[in-house]
There are 2 protein chains.
Amino acid sequence: MNMLNINWKPDNKSSTPLYRQIADYIKEKIGNGEWTVGSKLPVQRDLSKIFGVNRSTVIEALDELKADGLIEGRGKKGTVIINNTWSLMASLPSQNWEHYIKSGIQQPNLHTIQIINKLEYRDNIIRLGTGELSPELFPKEMMKKIFANISNKINSLGYERPKGSLYLRKILSQYVKKFHINTSPSSILIVSGSLQALQLISMSILKPGSTVLVEKPSYIKSLHVFESSGINLRGISMDKDGIRLNEILRNLDNRTSLLYTIPTFHNPTGTVMSQHKRDNLLNLCMQERLPVIEDDAYRELWLDETPPDALKSKDRNGIVLYMGTLSKSLAAGLRIGWIIGPESVIERLGDVKMQTDYGASSLSQYMAAEWIESGLYEIYLESLRKNLKSRRRAALKTLEKHFSDIASWNIPAGGFYIWLKLKSKINMEKLFYSCCKNGILINPGYIYDFNTNYNIRISYSYASMYDLQFGLKKLSKIIKDL
Amino acid sequence: MNMLNINWKPDNKSSTPLYRQIADYIKEKIGNGEWTVGSKLPVQRDLSKIFGVNRSTVIEALDELKADGLIEGRGKKGTVIINNTWSLMASLPSQNWEHYIKSGIQQPNLHTIQIINKLEYRDNIIRLGTGELSPELFPKEMMKKIFANISNKINSLGYERPKGSLYLRKILSQYVKKFHINTSPSSILIVSGSLQALQLISMSILKPGSTVLVEKPSYIKSLHVFESSGINLRGISMDKDGIRLNEILRNLDNRTSLLYTIPTFHNPTGTVMSQHKRDNLLNLCMQERLPVIEDDAYRELWLDETPPDALKSKDRNGIVLYMGTLSKSLAAGLRIGWIIGPESVIERLGDVKMQTDYGASSLSQYMAAEWIESGLYEIYLESLRKNLKSRRRAALKTLEKHFSDIASWNIPAGGFYIWLKLKSKINMEKLFYSCCKNGILINPGYIYDFNTNYNIRISYSYASMYDLQFGLKKLSKIIKDL
């Protein structure tokens with residue numbers, strides 16, 4: 001029997017527990033086919049020396065590998081690798097997904113996002129970048145009313161139609177009239193949130209090898225939803241009233257398939273596109289036959305005055321695919337969003353959705369419908385705006401106090417984000433990791449941008465008021481120390 | 001300006017309304033690039049002659065095209081095509097999805113499924129094939145209790161962790177002990193139903209060009225979830241206690257990537273794999289290093305006695321990926337299922353899920369957890385079994401009375417399905433369409449099979465008791481008339 005050679009130690013300084021590092025190391029060796037079935041591991045006492053850890057840590061790691069069915073303890077004969085099928089398969093992913101996953105890991109920003117996703121579930125971490133409503137803003141009492149209402153309305157919870165619940169689509173077609181969007185229920189597709197909307201669009205109607213124009217910076221840069229379908233992103237810079245139209249024109253070529261834009265309370269910069277620019281953009285896109293995805297996730301979160309109408313409201317040519325959602329304004333966990341567009345495109349996307357997951361949760365669809373239909377959504381939004389306004393005020397006040405000498409920023413008119421620009425060119429990755437160690441989670445600007453930048457996306461929506469102020473103060477100290 | 005030439009008439013005999021046929025025809029011409037922007041349509045009076053329909057029908061069709069932004073009426077100057085962007089894009093899908101969608105349309109079975117999906121929302125149609133619980137079996141009163149309970153428990157509805165709600169995963173790890181499956185919450189992934197589970201598996205861990213072995217016939221044959229990732233299905237025939245092991249061995253080659261099986265209350269045949277065969281199958285798969293997907297959607301729906309334990313319960317090597325769901329036993333509209341498997345595979349699948357839709361509805365996850373945790377699920381299942389038992393009895397009695405001379409069938413020990421085998425070789429597609437015309441929706445066996453067959457999947461779960469008996473009687477008459 002083949003005895004394995006180990007030439008590696010876990011990292012004491014890593015935030016990953018030692019036993020997990022060891023288990024992952026062994027899994028990788030097996031998964032890579034480097035350690036084959038039948039190979040024998042050194043006895044626990046030797047492993048503890050080799051790895052430089054306590055024996056109990058070794059045992060913890062081996063127990064996990066046993067539970068995974070990868071190794072087997074055979075008493076005095078030691079520990080033997082008995083299986084590698086699934087692990088082996090996991091290391092031989094399909095071509096497309098290998099690209100999908102790998103392209104993520106190779107880019108430094110994804111590593112940052114992985115850490116963000118991981119640390120979000122740690123206790124005692126202050127989340128200064130999270131683009132989500134704080135649990136303390138959740139309208140719990142109203143939700144009880146909604147529950148009571150729908151529990152009387154739901155007679156069964158079966159599959160919904162390919163485009164989603166007709167009841168919800170009817171309500172949405174009324175609701176969006178508020179934004180001067182005229183549409184019929186048959187031109188609306190219910191989706192499980194905006195990410196799925198983008199996923200469906202990129203898989204169903206875009207050609208691999210084509211290019212999507214996006215604002216520079218843009219939230220979309222932190223995802224791989226287009227790239228995973230073989231579509232390239234090209235960044236178009238912005239000025240204070242939105243994306244630069246001349247630069248769109250300069251970047252058009254025969255590979256350009258569409259423009260993705262967040263005209264209202266842009267993520268991450270908070271920019272609002274002016275009415276004038278909206279009109280010109282729509283004209284430009286019509287002239288150039290450039291379809292537009294308008295991501296309107298933040299529209300309801302205006303703080304000073306209602307924003308200009310959506311591009312979609314003036315779209316007489318079916319050139320705009322409009323995306324809305326309840327994730328930012330009510331509850332991300334509902335996983336309910338919608339796409340409004342030409343019926344043929346909506347049907348195509350609905351068809352693909354049915355082949356993907358048979359539609360969004362009917363329960364969530366009932367709840368979304370009830371929130372809007374009952375009028376409680378409107379009432380809740382009014383109080384939410386007040387809450388977000390005080391949060392914005394607190395954040396801006398703290399910035400004034402602790403960041404005036406080291407950064408500049410915008411005053412967002414809505415949405416969640418302040419786009420903090422540092423004055424000195426510090427190492428932003430170092431800053432990110434330094435913050436993590438100090439219990440502060442930030443979203444560094446580089447995950448959203450095409451170029452190097454010295455920005456931080458601060459969100460005033462998530463952390464508690466106390467944490468927000470305390471965290472920002474601490475952040476300024478960390479920056480000054482670097 | 002280019003005046004268009006039309007050489008086509010809508011089909012009076014089709015079930016599709018005339019105006020829709022006309023609108024679709026014009027959309028297709030524009031979408032295909034055959035009719036370009038700027039082209040002029042004949043005036044309404046001429047169109048009405050060309051198509052052989054009333055002018056009001058023409059107007060209805062043109063109004064739809066206007067709403068889609070495809071044409072514009074310019075007073076006396078007639079109607080002009082003004083746009084084709086989205087439609088054009090919809091006709092140029094990405095390579096992968098063109099294959100995905102096209103491979104569906106080319107296969108006659110998908111056309112049948114499209115019709116099934118469409119007719120399911122018609123009033124007055126008797127659905128004899130639907131694999132879903134009847135709305136009348138929905139536990140409405142219990143659901144009210146569940147709503148009351150969770151409305152007190154939900155403090156916010158944010159995003160869940162990559163593998164899904166830890167609370168639900170803990171409850172599931174307890175729940176599956178009932179089936180002698182031992183697993184920790186970290187080896188469970190919550191998915192939006194079984195279709196998504198299969199989608200994630202096929203995208204994340206299978207190689208394009210590889211082969212998946214499945215029972216012949218199998219439910220999976222009616223989907224395109226594996227084929228859309230470039231994976232081929234190979235059918236393995238069954239005998240009365242499940243899939244043939246010798247035939248698995250004969251069909252193994254270096255392209256075989258895994259076995260997909262429904263050992264318990266198989267869909268569509270209702271077969272239950274014996275304990276003896278389960279043991280042998282697991283041994284065979286371990287010897288041959290052939291991973292298994294065990295689809296256990298119907299386990300809770302036993303009618304006579306509890307079925308043999310899941311394959312997963314004896315899997316000491318992490319060779320089985322186990323799929324469970326609430327869709328068949330409680331509510332399809334919850335869109336909640338789960339995968340249990342080696343942690344590394346589960347993490348891989350969870351990663352891909354997060355990149356697809358940020359997880360399943362948190363609301364549905366709370367509800368699923370509450371059903372199981374409260375014990376109401378168990379109580380409900382007992383009464384559900386009684387209801388399904390009377391439905392089975394009624395179906396079998398009607399079959400005895402009206403099908404003894406024309407068909408044979410199994411007596412299912414659980415699940416939803418009776419696999420009716422006709423004695424004479426009639427044209428099954430003709431039968432399907434003939435049933436549709438007579439207000440009866442059946443699931444013909446050919447959508448599930450690799451070979452021609454003369455079977456019908458009868459489901460006693462969906463139609464009302466009256467419809468079930470009336471519909472079956474009518475079906476026997478239609479068959480005898482063919």
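**Exercise 1.** Work out in which order the 4 strands of the open sheet in chain B lie.

*Solution.* Start with the order, which is E13-E14-E17-E16 in chain B, with antiparallel pairing. Two strands pair here if DSSP finds at least two bridges between them; strands (E, at least two residues) and helices (H or I, at least four) are DSSP runs, numbered from the N terminus. Next, look at the edges: E13 (407-408) and E16 (443-444) of chain B each have a single partner strand, so one side of each has no neighbour in the sheet. Then zoom in on E16(B): 2 bridges join it to E17 (residues 455-459) of chain B. Within this pair, Pro444(B) sits opposite Ile456(B) of E17(B).

A quick note on the model: it is predicted, local features need pLDDT of at least 70, side-chain atom pairs count only at pLDDT 80 or more, and totals for chains, interfaces and linings use all residues. Residues are numbered from 1 along each chain as its sequence is written, chains are lettered from A and ligands numbered from 1 in the order written, and side-chain values use heavy atoms, without hydrogens and water.

**Exercise 2.** Find which strands helix H15 of chain B lies across.

*Solution.* Trace H15 (residues 428-437) of chain B: it lies across E14, E16 and E17 of chain B, at about 35 degrees to E17(B). Axes are lines fitted to C-alpha atoms, for helices over the stretch in contact (heavy atoms within 4.5 Å); angles run from 0 to 180 degrees between N-to-C directions.

**Exercise 3.** Count the residues that each chain brings to the contact between chain B and chain A.

*Solution.* Chain B brings 92 residues and chain A brings 91 residues.
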